[in-house]
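Me: Please present the structure shown below, and then let us work through it by question and answer.

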Amino acid sequence: MEAVTAESSAVIEFNEAVKDYGGNRRIGPVNLKIGKGEIVGFLGPNGSGKTTCIRLILGLIRSSSGTVKVNGFDPIANHVEALRHVAYSPELPNIQTFLSPRELLNLISHELYFPDNADRRSEIDQVIELVGLHDYAETKVGKLSKGMIQRLSVAQALVGSPKTLILDEPMIGLDPAGVAHFRDVFRDFASHGKGTVFMSSHIMSEVESLCTSVAMIHHGKILFKGSADEVVGKVLDYSLVELETTPLSPQTIQQLKEIPGITQINIADSGKKDTTAIEITVGEHDQDIRPLIADIVVKSGAKLYTIKQGENMLERAYIEALKEKKGGQL
Amino acid sequence: MKRAEVIFTFARYEIKRAIARKKVLALVAFTILLTILPYYALSQTGTSIITAADAPYVNPYLWVLAVILVGPLFLNFTAILIAAGSMSEEYEQGTAELLLSKPVRRSDYITGKFLGGYILFLFILVLTLVLSIASAFTFFGVQKDLYLIPGLFVAQAFSSLLFFSLAFMLGELIRRSSLAYIFSSAIFFSSFIISLFLSAIFRFTGKVVYKTVQMYLPTSAAGSLPVQYALPRLPSTLSTVLTFVSTSTTPASTISFSIEILLVYTIVAIAIAAAYFLHADISRKLS
């Protein structure tokens, strides 16, 4: 029986994995490696194959060809060994409505062979507390709100001290406080390389702020895997600088345009009185020209309220990558 | 030991799930109805069937009527109702995915689900027997030869395993509960009706081939065993009543033949269900 070795420390490994659903529906070949301690954001449009990949990892479906390994084991042939320390939180979970959160966690706990003792009960209490379900622990799932069910979905994944979390859109339905809390929970889970997180999401800002790396899938094939910065760098040939100032004179704008690397300046109404929002496109995105810009703005006599690197670059890169994919290779 | 615990966990889960689906409530209501009403009706009109002269020899054994009446139809149909949804409802609701994404063996899951559903069926069977005896006692006085009950329980439990397994298999193969109910019921009623036709044709023509075919039908095997067990052990005075109330004569020749047929159907159905479940993809929630 094959297992994870020092040489192949990948927790999850797709090797030319294909899932053929028949007809024109085919996902793959997928090649992807997730190492221990990584927090990977798994991005892709609807129908791109994210859920298929997750179901392959969990051994819920078989690959038509190629291999999928989890902790070095085939999740179909050696389901128990492969998934022993892997937990899954599904998107819009279909949880048994006749159970309460505590009953579900008990069921999962029994399923995972944990003895019925004080430690187990204590762990369930801790998980309930951690996900903020304390007041609803005895309420039947059928009566819980969408957000509470999502919390329960994460809670059931945390039972049993897993080492790898597979999360399918974990933030859906959560309020902002819940999103922030869960971000901390996942970050803490993976801190110091002790846990691995594989998270599919459409919320790019979440992925950007939480994940150490990003994998993009499109039409069943992995387009790219790397850090968010690497993905942005690979896809976009520009970076953005955003600033809020009092209105700038045409001379000042001309001075800004003359800074080497700046290719475009967009000026918009910030929505605030006497304030202008300016978006500056910089052709070579590895150079930080914010000090130069700030210097020119301040010397012109205008007030500079904020200056920062453009946000949502991953989202821009993602959209750009999909656009490019339509026309050719990434 | 750990695997046994996991299987038991799934069995308990299945019982809880079925109870939550209100199936058990409906089945208990039907059980009460079907084990009390016949005795009440018989007590009101029974003199035309059971003569005053026969009554002392028949009335103490009337507890067995419900078993013969209810067994072939209601209990087998109950088995279908419980088993057909056991797997298919979980696919429809998307709940199988969550449990099977855990590090558990699929074989433990399906075994637990099968056992849980079957334990639930046994509960309905026990209720049927208890209520039958209670009704017979209430309407016809003290009942005799109750020592046959454990044997009848085993015979009926084993007989119903056939349609339980068949419906369980169809639920797994089709993965849609309504279709699984319809197909299982269609097999049950078709077999039942065909059996009646074959029996009639055999009587008219005397050709053994019709009788032989009838013997191999699933309803014949499922309906024969309790009668084959009870009839030789009960007074001959009961045979008129049993023939009158029984929906079909017992076509299987011997108890061992009935057991063989039941085993073949049951084992094949369980094997197909298990093989399919162990090798097929786990369906996503049906929209």
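**Helices, interface and a buried loop residue**

Just after α6(B), Gly141(B) takes a positive phi of about 85 degrees. This is a predicted model, in which local features need pLDDT of at least 70, side-chain atom pairs count only at pLDDT 80 or more, and totals for chains, interfaces and linings use all residues. Residues are numbered from 1 along each chain as its sequence is written, and chains are lettered from A and ligands numbered from 1 in the order in which they are written.

Me: How many Å does helix α6 of chain B reach from its first C-alpha to its last?
Reply: Helices (H or I, at least four residues) and strands (E, at least two) are DSSP runs, numbered from the N terminus. Helix α6(B) covers residues 106–140, which is 35 residues. At 1.5 Å times one less than the number of residues, the expected span is 51 Å. The reach of α6(B) is close to that, at 50 Å.

Me: Why are α6(B) and α7(B) described as oblique to each other?
Reply: Axes are lines fitted to C-alpha atoms, for helices over the stretch in contact, and angles run from 0 to 180 degrees between N-to-C directions. The axes of α6(B) and α7(B) (residues 149–174) come within 10 Å and cross at roughly 140 degrees. Angles under 35 degrees count as roughly parallel, over 145 as roughly antiparallel, 65 to 115 as roughly perpendicular and the rest as oblique. The two helices, α6(B) and α7(B), are therefore oblique.

Me: How do the residues of the contact of α6(B) with α7(B) divide into nonpolar, polar and charged?
Reply: Contact requires C-beta atoms, placed from the backbone, within 7 Å. Ala, Val, Leu, Ile, Met, Phe, Trp, Tyr, Cys and Pro count as nonpolar, Asp, Glu, Lys and Arg as charged, and the others, Gly among them, as polar. The division is 11 nonpolar, 2 polar and no charged.

Me: Is the crossing of α10(B) and α12(B) left-handed or right-handed?
Reply: Helix α10(B) (residues 218–230) packs against α12(B) (residues 255–279) at an angle of about 140 degrees, with axes 9 Å apart. A crossing is left-handed if the near helix is turned anticlockwise from the far one by less than a right angle, and right-handed if clockwise. For α10(B) and α12(B) the crossing is left-handed.

Me: Which element supplies the largest share of the side of chain A that touches chain B?
Reply: In the interface, 21 residues of chain A are in contact with 23 residues of chain B. Both α2 (79–82) and α3 (101–111) of chain A supply at least two residues of the chain A side. The largest share, 4 residues, comes from α3(A).

Me: Is Glu38(A) buried or exposed?
Reply: Glu38(A) lies in the loop between β2 (25–35) and β3 (39–43) of chain A. Leaving aside residues up to four places away in sequence, Glu38(A) touches Thr196(A), Thr212(A) and Ser213(A). A residue is buried if 20 or more other C-beta atoms, placed from the backbone, lie within 10 Å of its own, exposed if 12 or fewer, and partly exposed in between. With 22 other C-beta atoms within 10 Å, Glu38(A) is buried.

Me: What percentage of the residues of chain A count as buried?
Reply: Chain A has 11 helices and 13 strands. Its C-alpha trace spans about 75 × 45 × 40 Å along its principal axes. Of the 330 residues of chain A, the share that counts as buried is 41%.

Key
Two residues are in contact if their C-beta atoms, placed from the backbone, lie within 7 Å.
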